[in-house]
Amino acid sequence: TKLSLADGHLKEEIVTFFALLGDNDTLQELNISGQGCGDHAFSVLCTSLRKNKTLTKLIAPYNNITLNGYLALKQALNYNTTLAYIDVMGVQFMDKTTPEMSSFTLISSLYQELYKRSLEQPPTDSDITKSRYE
């Protein structure tokens, strides 16, 4: 199943939703683009992603995520093996950190991890057809 919560209508309630997502066993695709949830809410989502075994696609651009949020996502991927597609673009690379630990570097490593996963589980013909028409 798919769920779109795009465009920021949930505000504070998004944290409660994210906390419950770890025990969800039906949701496969989640779009939270434009929620502007920030690092705290995104970290709650990432904690739930550690437990969730059904979500395969997360669309999450424009959520005011900084390096801390990306670190939480990277750590969640160490536990979650089902998430194969993540879109967190729409970010601002303005972290005041060293070049080795910038958001850009971390996002690059996230996408490299997802690329490796895609090689291990190539998409089916139906996945390709669906993505052309979404």
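In this predicted model, the protein chain exposes about 8100 Å². Carbon and sulfur atoms supply 56% of that area. Of the 134 residues in the chain, 37% are buried.

The protein chain holds 5 helices and 4 strands. Read from the N terminus, the order of elements is β-α-β-α-β-α-β-α-α. Contacts between residues at least 6 apart in sequence were also examined. Of these, 83% join residues at least 24 apart.

One helix pair was examined in detail. Two packed helices are described by the angle between their axes and the distance between the axes. Helix H2 spans residues 38–51, and helix H3 spans residues 67–77. Their axes lie 9 Å apart, at an angle of about 0°. Angles under 35 degrees count as roughly parallel, and H2 and H3 are therefore roughly parallel to each other. On the H2 side, the contact is made by Asp39, Phe42, Ser43, Cys46, Leu49 and Arg50. These residues meet Asn68, Gly69, Ala72, Leu73, Gln75 and Ala76 in H3. By class, the contact has 6 nonpolar, 4 polar and 2 charged residues.

Most residues other than glycine have a negative phi. Tyr62 has a positive phi, near 60°, and is not a glycine. Tyr62 sits in the loop between strand S3 (57–59) and H3. Its relative accessibility is 55%, so Tyr62 counts as exposed. Asn64, also not a glycine, has a positive phi of about 55°. Asn64 is likewise found in the loop between S3 and H3. With a relative accessible area of 57%, Asn64 is exposed.

Notes. Residues are numbered from 1 along each chain as its sequence is written. This is a predicted model: local features need pLDDT of at least 70, side-chain atom pairs count only at pLDDT 80 or more; totals for chains, interfaces and linings use all residues. Side-chain values use heavy atoms; hydrogens and water are left out. Helices (H or I, at least four residues) and strands (E, at least two) are DSSP runs, numbered from the N terminus. Buried means under 20% relative accessible area, exposed over 50%, partly exposed in between (1.4 Å probe, protein chains only). Contact means heavy atoms within 4.5 Å. Accessible areas come from the Shrake-Rupley method with a 1.4 Å probe; for residues, only the protein chains shown count as cover. Axes are lines fitted to C-alpha atoms, for helices over the stretch in contact, and angles run from 0 to 180 degrees between N-to-C directions. Angles under 35 degrees count as roughly parallel, over 145 as roughly antiparallel, 65 to 115 as roughly perpendicular and the rest as oblique. Ala, Val, Leu, Ile, Met, Phe, Trp, Tyr, Cys and Pro count as nonpolar, Asp, Glu, Lys and Arg as charged, and the others, Gly among them, as polar.
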